[in-house]
Amino acid sequence: MAVGKEIRNKIKSVENTKKITKAMEMVAASKMRKAQDRMLAARPYAEKVRSITANLAHANPEYVHPFMQQNAGAKKVGLIVVSTDKGLCGGLNTNVLRAVTNKLKELEGHGVQADVVAIGNKASGFFNRMGANVVASVVGMGDTPHLEKLIGPVKVLLDAYTAGQLDAVYLCYTRFINTMKQEPMVDQLLPLAGDEFAGEPTHAWEYIYEPDAKVVIDELMVRYVEALVYQAVAENMASEQSARMVAMKAATDNAGNVIKELKLVYNKTRQAAITTELSEIVAGAAAV
């Protein structure tokens, strides 16, 4: 039964694959909880820094930080793209890279070029294959984001914007909604935008600056941008583990279905072979 042996070998191969995907599902589930806790812990800090930055911007109108000013006529933007270092996480990277590609096409339609900072191995490889202008990249971040690894590459775009070389800087990442849903985001990072920076504040804030307003606001703006980038990486890591857990669970279930189908085919093939042998025996006995 050469055919039966091939089916048995295939069943064994799929069973081995099922064991691997099940193990990866359990590992992702374990890491997912830690990543979600880290992401949720970082959100209040980012929100508070955004609130303080908005209040300072209105409290000291005589000094306007370069991050809050529009650079007109630069015809170039910066993109900070956050992806994963590893695959096997469903369409997570595909979705965010598709959103970035659409943004690039939109910018090219207006005659605007783009400088890219790639965070994650998948984004770095994708933009290098595209031939995009990758000015900096960060890979091998592991399971925990480290701000010191992100400051250098991001500062390349911040310095370029301060020098008036960029019209805007966009932050592209995957926002964690829940375990089953992650949403690709393309948010404007610079010039600073959002509800907190539009219009007048609802109440007045009084600050005493030490040593002076410029030093304090300059430092706060940099910390604000760093907090947003760190939060984006934390959101992306939480989304990665959730997507990987769901993808590996789907792969494990599919492997189980394939094994059932192969066993059914094997049993049918074996039964057909037995029936054929019995027919040959009966035919031989009748001939004798």
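1. Let's start with Leu88, which sits in the loop between strand E1 (76-82) and helix H2 (92-109). Helices (H or I, at least four residues) and strands (E, at least two) are DSSP runs, numbered from the N terminus. The phi angle of Leu88 is near 60°, a positive value in a residue other than glycine. Leu88 counts as exposed, because its relative accessibility is 52%. Here, buried means under 20% relative accessible area, exposed means over 50%, and partly exposed is in between (1.4 Å probe, protein chains only).

2. Before going on, please keep in mind that this is a predicted model: local features need pLDDT of at least 70, side-chain atom pairs count only at pLDDT 80 or more, and totals for chains, interfaces and linings use all residues. Residues are numbered from 1 along each chain as its sequence is written, and side-chain values use heavy atoms, with hydrogens and water left out.

3. Now to the strands. Why is strand E4 described as largely enclosed by the rest of the structure? Eight of the eleven residues of E4 (residues 168-178) are buried, so the rest of the structure largely encloses this strand. E4 pairs with E1 in the parallel sense, over five bridges, and Val77 stands opposite Ala168 in E4. Two strands are said to pair if DSSP finds at least two bridges between them.

4. E4 also pairs with E5, this time in the antiparallel sense and over nine bridges. The two strands form a hairpin with two residues between them.

5. Pro191 lies in the loop between strand E5 (181-190) and helix H5 (213-287).

6. How many salt bridges does the count come to? The count is ten, where a salt bridge is a side-chain nitrogen of Lys or Arg within 4 Å of a carboxyl oxygen of Asp or Glu. One of them is between Lys76 and Asp115, whose closest N and O atoms are 3.9 Å apart. Lys76 lies in strand E1 and Asp115 in strand E2 (residues 113-119), so this pair ties together parts that are 39 residues apart in sequence. Lys76 is partly exposed at 24% relative accessibility, whereas Asp115 is buried at 11%.

7. Another salt bridge joins Glu235 and Arg175, with the closest N and O atoms 3.7 Å apart. This pair links distant parts of the chain, since Glu235 is in helix H5 and Arg175 in strand E4, 60 residues apart. Glu235 is buried at 1% relative accessibility, while Arg175 is partly exposed at 30%.

8. Arg244 and Glu240 are four residues apart in helix H5, so about one helical turn separates them. Both Arg244 and Glu240 are buried. Salt bridges that share partners also join Arg43, Arg175 and Glu235 into one network.

9. What about the cysteines? A disulfide is a covalent bond between the sulfur atoms of two cysteines. With the cut-off used here (a pair of cysteine sulfur atoms within 2.5 Å), the count comes to zero disulfides. The sulfur of Cys89 is 17 Å from the closest cysteine sulfur, in Cys172, which is too far for a bond. Cys89 is buried at 2% relative accessibility, and Cys172 is buried at 0%.

10. Is Ser124 buried or exposed? Ser124 counts as buried, because its relative accessibility is 9%. This serine lies in helix H3 (residues 121-130). Ser124 touches Ala118, Ser137 and Val139, not counting residues up to four places away in sequence; contact means heavy atoms within 4.5 Å.

11. Ile274 is in helix H5 and is partly exposed, at 31% relative accessibility. Lys22, in helix H1 (residues 2-59), is partly exposed at 40%. The C-alpha atoms of Lys22 and Ile151 are separated by 37 Å, and the two residues are 129 residues apart along the chain.
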